[in-house]
Amino acid sequence: MKRLLSFLVVMCICTMAFSQEGQLLPTPLTQELHDSTTTLPTLGLLLVSESIGTGNTSSYTEGVDRWFTVCSPCAGTMRLCFNIQGFDVDASDTLFIYDGPDINSPLLAMGNNSFSNLYRRHYYVSANNSSNCLTVRFKTNNDGHVGAGFTIMMGCETPCESVTPVIESKFYRTRNGVIYDSAYVEKVTEPTGDYYYSVNMCDGDGMVLKGHGEYTNYTGYYTPTDATSLFTWQINTGDNLIGLNETSFAYDAFPSVACYEVSLKITDMQGCGTDMVDMLRVRIAANPIETISDDLAIFCNDTCILLTTSVSEDSVSSTLVVNPTPSGIVSKTHDCKTFIPDGPYCVETGQEPCFRASIDFTEFPPGRTITSGADVCSVCINYEHSFMGDYDMFLVCPTGAKATLKFKNLPSGGNYPSDAAGGGGTYTGYPYGGANDTPYDNRSSGGYCDSIYNMYGVGLEYCFSRNADYTLVSGMPASTTSITGGHYLASSGYTIQVTYDFGSIPPPFNGAGTVVGSSTFSTKQPSNHETKSNYYMPADDFSQLVGCPLNGQWSIEICDRWEIDNGWIFSWSMDICDVSQLSDCEYVVGIDSIRWSPDYTVGGIVARTINSDSAYISSPDTAGVFPVMAHVYDEFGCVWDTLTHIKTAWTPLPYIGNDTALCDPESVQLNATDVHSDDGDFVYTWGPFGETSAVITTTPFLGKDTNYMVKVVNQIYGLSCTAYDTVTVHVYPMPIPGFSTNIIPAAGCAPFEIQFVDTSKNGYKYDWRFGDGFMSHDRSPYHFYSAGRYDVTQIVTTDFGCIDSVTRPQYVWVFHSPDAQFSWEPQYPTINNPKVQFINQTYPMVSDNIYEWFIQSDASRENFHKAYSLNPSYTWQPPLTADDYHVRLISRTENYDQEGNLVVCSDSAETTIMLIQDFLQFPTVITPNGDGINDKFVVHGLIDGLGYPNNTLHIYNRWGALVYSKDNIRLDEDCWDPAADRAPAGTYFFYFNARGYTGNVQRTGAVEVMKH
């Protein structure tokens, strides 16, 4: 069975802040009160409960469906309001609220733990509800699942919409009041699992936050907006902004690197609002750049420099040293050497022999003070002093309050361990001279109060802390309460044995140039600030500084109370912890990346990033002094810039040429003069012979390789930029040209063919110049010459390219050789006209030509007529026969060669001349009786006369009939044979037509054929 159902009804007026002057008893809710109406009194509290059970109100009743109505005569701007103060309704049950006097009225809300939790919701009588009543209905199922119930506070109230202030996730960074970047709010989860939202800023920058309200519109009486709402921005620096529609909050700069809170609250036009406040934390990142060299490096321009960074102020090997913003730690360093004179003799009478090195803190919010000795995280002094037992050492705050780091002697009445004082003759650092420091470190040398007479040594760092994050030399945490274990600087333990070469004393110190040399001695073991290890416990626990302002001048004070021994402070640093505006806001801003960028407007500088904290810088094409910017990007998106420079010197660019082959006895000049020689002091050194000039001449060594190397050094800026170049010189033997010919002497008739026979030595390639414009590359070439006298040149090249030549002037003599030719007229002499005129056509027709003619005079015998004139004539004598007659012309010249030998150049031309038979005889009678005499019609002189090879013969009988016809008669057998044709005796007529060498001929006639 379900438990008792309880309605807690609180009657409220206006602000819903109810006072109860007496104990109000609950009124039991009975079945008769179901569907009842209650009028809201002016003031009161009504507790309605179901009467079933014994009063256990831990759950409500199952299986009921009950409702009641509340009405109120709220006056003026007041309206009846239900405020759900408690709500735990099972998902199987439902609470309903209706805008009117019954459950048939419009539904304002319904809900349970599953689909609409009504907790802390306000529901008003709507503007259209004239009844001023609201009805509550509660319906439960009988399924065994219940909740604890609900509580409704009821009263008259001015209708309010709810507003939720929201600071937008996107914000803006400003510099000098100008927006330069945008970023987003970050969710920060702490080791405990708690989280908050943070705006991450850069030191010195301001911000612009944007905000707005998220409003409801439940009541229907008004619509709230940002434009009609009052915005209240608050920051825990004491700077606030309150104004209508102030959706933007600009803040120029925060007073220090710390953690701050910014909140936003909104009240609407009705004065309505909630206690809801949107809140952000502002975390400030400090400039992490600790140190950077003004001149990063001086290097030769053919090399490059690796620019590195480190997150340690002790890393002297890095170009740039950065430290991330610590969690609530502010550090300051005094990095100027301070002389510690021999106290008692360096102050006026009555004054303390104390000397200070100071730093100023300005980073903290005004009024912030030291609240605990652990706030002084670390005090580190880099110094040297012989005989630690001579002095007291204090940390002094801006008010003058002191905390003792080391006593000379324990004060009377104090509760200090003996190790907190003294130190005897133990060294700190390396006093100049080491074990032999007496001449340089006490007043016996004179000028004991003047640093010039007290050369500084080498400082070591000694650190003090009472913070648990730091470890003592004993291995215990610095927060330990133990006074044993030799934690103190003046204790006898924790020394180291060192050997150090102090070198010579530099000017302007007294004794400049004195060489001190190496010394072996003991000194106190140094601390490590970076790793927070090997710390010493101060004599006081820093609680003496509680109440000291964080801002102001802090000092290290050393009081030298003994008249012997001086010292030097090289630097000291102080870290103050837990300096955030918020005690629970701790953070570390790490380094994201570092980029180096040259000034590219200058030109010639190249930056090549290797990783997030290293880059190579080079100046391959130029030299000089160049600006380089380092950009440090931290995890808050801040960019920190710092400028430095690099200086580069020209690296020489010697070029002495390619490897060279010379031909004995040649030499060559090698020139290593650098193109930048006007921009430095260049020194030249040659090998293998040690020359020191920029230009040298090689020395030939036949058949040997000589390797020449030049070293060129540009000595500038204290650098020695060096470059080398090498060349190999080989000296090869020269060729020895020479040749002969296959004809000696080299003389002959044109066209004259001669072979040149190579007799040279060391030859590999050959070039011949024959003197007539022609060349050859054969070793022993043949060549044809025309008439003339010619120079011959032989050029011989060895296989290594050495060349020599020989020229023989007018070495070849070639004489004119006639070209015998001739013609004659008439072309065809005849038996009747057997005379011809010869025409000499020898070429060239020169005066020294000699001619011989041979003319065949008899066709049957080898008889020749000789003639010696230029153009002779000849007539054949009878008896003549038609035939071919041979004629030969020999043309020649007679010459003398280089040695006086006769050289005859001749040519001949030979042909035949046809003597033509030009007299034809035709028969008049033929007797074809077979006796072989006059049997045929034979034209005498036709066949053997050669005069008319083209002919036609026609023979007709007396009736005009053609009895014989023949073209081109060549043989007697071709002639007309009357017997063969069985031609009867009688008269026949012939027609003969012929074309010959001497012209055409036609003959006609009659012939008598007689038979016996």
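**Exercise 1. Find how far apart the sulfur atoms of Cys 749 and Cys 905 lie, then describe the disulfide they form.**

Step 1. In this predicted model, the sulfur atoms of Cys 749 and Cys 905 are 1.8 Å apart, and the two residues form a disulfide. The cut-off for a disulfide is a sulfur pair within 2.5 Å.

Step 2. The S-S torsion of Cys 749 and Cys 905 is about -85 degrees, so this disulfide is left-handed.

Step 3. Cys 749 belongs to strand S50 (residues 747-749) and Cys 905 to strand S63; the pair links distant parts of the chain, 156 residues apart.

Step 4. Cys 905 has a relative accessible area of 1% and is therefore buried. The cut-off for buried is under 20%.

**Exercise 2. State the strand order and the pairing in the open sheet of 4 strands, and name its edge strands.**

Step 1. The order is S60-S59-S62-S63, and the pairing is antiparallel.

Step 2. Strand S60 (863-867) and strand S63 (902-915) each pair on one side only, which makes them the edge strands.

Step 3. From one strand to the next, the twist averages 20 degrees.

Step 4. Look at one pairing within the sheet. Strand S59 (residues 850-858) is joined to S60 over 5 bridges in the antiparallel sense. Phe 854 stands opposite Lys 866 in S60.

**Exercise 3. Describe the disulfides of Cys 74 with Cys 156 and of Cys 300 with Cys 721.**

Step 1. Begin with the total: the structure holds 10 disulfides. A disulfide is a covalent bond between the sulfur atoms of two cysteines.

Step 2. The sulfur atoms of Cys 74 and Cys 156 are 1.8 Å apart. With -80 degrees about the S-S bond, this link is left-handed. Cys 74 is in the loop between strand S5 (65-71) and strand S6 (79-88), while Cys 156 is in strand S11 (residues 149-157); these distant parts of the chain are 82 residues apart. Both Cys 74 and Cys 156 are buried.

Step 3. For Cys 300 and Cys 721, the sulfur atoms are 2.1 Å apart. The torsion about their S-S bond is about -95 degrees, so this disulfide is left-handed as well. Because Cys 300 lies in strand S24 (residues 295-300) and Cys 721 in strand S48 (residues 719-732), the pair ties together parts that are 421 residues apart in sequence.

Step 4. Cys 300 has a relative accessible area of 12% and is buried. Cys 721 is also buried, with 0%.

**Exercise 4. Decide whether Cys 81 and Cys 975 are buried or exposed.**

Step 1. Apply the cut-offs: buried is under 20% relative accessible area, exposed is over 50%.

Step 2. Cys 81, at 0% relative accessibility, counts as buried. Cys 975, at 7%, counts as buried too.

Note on methods
Residues numbered from 1 in each chain as written. Predicted model: local features only at pLDDT ≥ 70, side-chain atom pairs only at ≥ 80, totals over all residues. Heavy atoms only, no water. Pairing = 2+ DSSP bridges. Helix = DSSP H or I, 4+ residues; strand = E, 2+ residues; numbered from the N terminus. Axes fitted to C-alpha atoms, helices over the stretch in contact; angles between N-to-C directions. Buried < 20%, exposed > 50% of the residue type's maximum accessible area, 1.4 Å probe, protein only.
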